[in-house]
Amino acid sequence: MSPPHDEETGNAWEHERPFEPYRDEPSDADDGVESTARADAPLRGSQQRPSAEFDDLVRQLDPRWQERWAERIPPGLLKACAATVRWVKGPQPPRTYTITPIFPTVQHAPLALLDRYAPKKIQRFWLLIALYACWLFAFSIILWQSASSAQIDGKMPIRLGCAARYWNEGNGCGLNGDLCRPFANASLAFRCPADCLATEILNPHAVGDKEVVYKPLVVGGPTDRQTGFEDQVVNNAIYRGDSFICASAVHAGFIDDTQGGCGVLALTGEQSSFSKSKHHGVKSTGFDSYFPHSFGFLKDSRATCKDLRWPALAITVFFTTVLSLFVTDPAEFFWSIFIALFFHVALASDPPSLTNYYSLLSIAFGRFLPAGFCAWVTYKYTVKRSLTDLTAQFEKTIFWLGPAWVGALNNYTFDKLPLQRLTPHDLNAQPGAIPALIAVVLSIFFIALGQAWSFRVEGRMPRYLLIYTIFVLSLLLMVAMPGLSLRIHHYILALLLLPGTSFQNRPSLIYQGLLLGLFVNGIARWGFDSILQTPTELLQGAQKGTLLPAISVLGIGASNITFNLGPLPRWDKKVQATFDGISVLVNDVERFRGYAGDRDYWPDGDAGAGGNYTWTWARHRVGSDLEDDREDVNLPEYFRFGYMAGSQVGDFTKAGKWEGDGTWVDMKKGPSR
């Protein structure tokens, strides 16, 4: 009776040969004496019994000890263990998955066409070289056109990333913002890529007493008030200096998000109010007080430069599709697709944020070499098994190449899920994060069950159970390492899951292509970021959970306010640091920094009740240089306080508000950044 066989099953394994006793030499069995002697038989060529020197040892190794141990184990448990082992080993003989093409005549048509017009290997070789050359030429032309743009007012535009901005977080711009000067009388010729509205701020960013998170950071917009630049900037749109420049340009209607664009922005100095509005798909945040740094986009400065990532995508998709339909050799197919995907992501669809293409090429080639090694290991032990002897050309293109593109374009596919970072804060704060995480985990779980069944059918489950046990133990060991946090980037997740797709069946083709695309996107865009990171690296820009100053108001005058800052220094047990200073932000700009024991920082002296430090702020009067001293120049001011350990700052408090009429509104509980 022939072994089991189904649509996706190849030939069964051959029956094993009957057992034969081992013999060192043929002559051993030709002397007419049994080759297997009894324990008490005399030695060959001798009339004596063997020495009894080791008889006691032999009795100690009596195999019946196994039987005695087995008697102590309940029979039901023994049967269950034996049944589990038999189940894990799978059917005997095992069955190997193979794909039988649906509509084979149609799927073999590209191969038949190739056999008819290029039957020789040398002809196919030159056809492949010509295909490579055509793709490289067309792709290079697109990149050159996308990279080169005419000068704007005699200046070559600077490439900006989607999150580029002038102002840093917290007190990153230094006292009075001096590290982020100039504030006015300057311009910048810039270039923005396409799809910048997909870039969101992932850590809460303070704008006065509000916080912006999980959206493009845009503060301000078109306004009806006088800015001094009504005739210069587009739509009289003024933006705070900490706004994303490219998202602000889209909000102002200066560039198109689908194509990007070039232009010139002008620094407009201190502005007294920033209006909130929604334009061109961007909802901006308002701010009802002054800020020293602002910008707008100059009229008639927009230049013709487009981000041509979509034409480049069309060219590379066409090249990879043609190659997939006409190539059957797994090595040619895999390496051609891998290289094309890698450089398309690194140079066109999701390039790193660098100011010029020379740096972009340098980074791309630097990341390609180690990525190529990982790809070689993946091909040898996983992909080769799936693609060898696969002649279902259209199914390979749909089920393997299609998902590979979905993974490689991760910034347009899975990045839309609200799962940017799997931290408790993000999962609780980001809308839809928990349902999305549950859906992803359940999907991976059921896919893993299906792949485990495939391993069992092919008789490879014990081996892969061992491999994934090692993976899990390694991850648990990393989790237990003190002072470091485990972070599984999507390129690491792809490498961990790829070994589980080494089958030639349709589901495995889908999973394998998708995971390879995710690996390519992760490395080409972000590089080999470490799987183990320090808490500082992991929480960069996020709230750290440090001590917060206990602030109270000592007195409010007509134009000043005095704060009790509490004692210094302070020991923070959680972060194991001594805070010996304090920083004060007024309207999100550092206006004071003082350290314990140094009287130069404290104009009012450091004496106070209980050794507390005090600080007085004189209200900033916007427009005080005008001839009429108007009452409406008293705008509200927002105060935030944070401890410092040397030059390092901890979390700031939430903002307390000093109203224009002199009323003080206490800050809410909790930190800010």
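Analyst: Helices (H or I, at least four residues) and strands (E, at least two) are DSSP runs numbered from the N terminus. The model is predicted: local features need pLDDT of at least 70, side-chain atom pairs count only at pLDDT 80 or more, and totals for chains, interfaces and linings use all residues. Residues are numbered from 1 along each chain as its sequence is written, and side-chain values use heavy atoms, without hydrogens and water.

User: Which residue just after H10 takes a positive phi?
Analyst: H10 covers residues 357-387. Just after H10, a positive phi of about 60° falls on Asp-389.

User: How many charged residues lie in the contact of H15 with H16?
Analyst: Ala-494 and Leu-495 are among the H15 residues that meet H16, whose side includes Phe-519 and Trp-526 (contact: heavy atoms within 4.5 Å). The contact residues divide into nine nonpolar and three polar; the charged count is none.

User: Which strands stand at the edges of the open sheet?
Analyst: The order is S13-S14-S19, with antiparallel pairing (at least two DSSP bridges per pair). Each edge strand has a single partner, so one side is left without a neighbour in the sheet; these are S13 (552-556) and S19 (613-618).

User: Which residue in S14 stands opposite Ile-556?
Analyst: Four bridges join S13 to S14 (residues 560-566). Opposite Ile-556 stands Ile-561.

Methods. The expected span of a helix is 1.5 Å times one less than its number of residues. Ala, Val, Leu, Ile, Met, Phe, Trp, Tyr, Cys and Pro count as nonpolar, Asp, Glu, Lys and Arg as charged, and the others, Gly among them, as polar.
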